Amino acid sequence: ADEVERAEDTLPGPVERKRRLHYLSVPPKAALDVVHQLDTAGLVERSRIVMEKPFGTDLASAVNLNAELHEVFDEQQIFR
């Protein structure tokens, strides 16, 4: 989070116009750990998240992953 803040400080413009993009290319079982780490680090605000396939390992795990993802990110922040 500190490094992200330092990098953002080098960009011109007000902080509320600076956006973050988190691209997750991780196995489905690791995705929620990464999402929760982003949340804990305070890196969810002003961000979007890209979830690379596979999104879950079956329908039930995909539904669960989606539900837990929505606990941290709003739908308009998520790209699957």
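**Views of a predicted model**

**Figure 1. Burial and overall fold of the protein chain.** Of the 80 residues in the protein chain, 31% count as buried. The model shown here and in the other views is predicted. Three helices and three strands make up the secondary structure of the protein chain. Their order along the sequence is α-β-α-β-α-β. The C-alpha trace spans about 45 × 20 × 20 Å along its principal axes. Among contacts between residues at least 6 apart in sequence, 66% join residues at least 24 apart.

Figure 2. Rolling a probe the size of a water molecule over the atoms shows where empty space is left. One cavity of 30 Å³ or more turns up when the whole structure is searched. The volume of the largest cavity is about 40 Å³. Its lining consists of Leu-24, Val-26, Pro-28, Ala-31, Met-51, Glu-52, Pro-54, Phe-55 and Leu-65. Eight of these lining residues are nonpolar, one is charged and none is polar.

**Figure 3. Aromatic rings in the structure.** How many aromatic pairs does the structure hold? The count is zero.

Notes
Residues numbered from 1 in each chain as written. Predicted model: local features only at pLDDT ≥ 70, side-chain atom pairs only at ≥ 80, totals over all residues. Heavy atoms only, no water. Phe/Tyr/Trp six-rings, centres within 6.5 Å; stacked < 30°, edge-to-face > 60°. 1 Å grid on protein atoms, 1.4 Å probe; cavity = no way out; pocket = protein on both sides within 12 Å on 5 of 7 lines; lining within 4 Å. Points joined across faces, edges and corners; volume = space filled by probe spheres on them. Nonpolar A, V, L, I, M, F, W, Y, C, P; charged D, E, K, R; others polar. Helix = DSSP H or I, 4+ residues; strand = E, 2+ residues; numbered from the N terminus. Buried < 20%, exposed > 50% of the residue type's maximum accessible area, 1.4 Å probe, protein only. Contact = heavy atoms within 4.5 Å.
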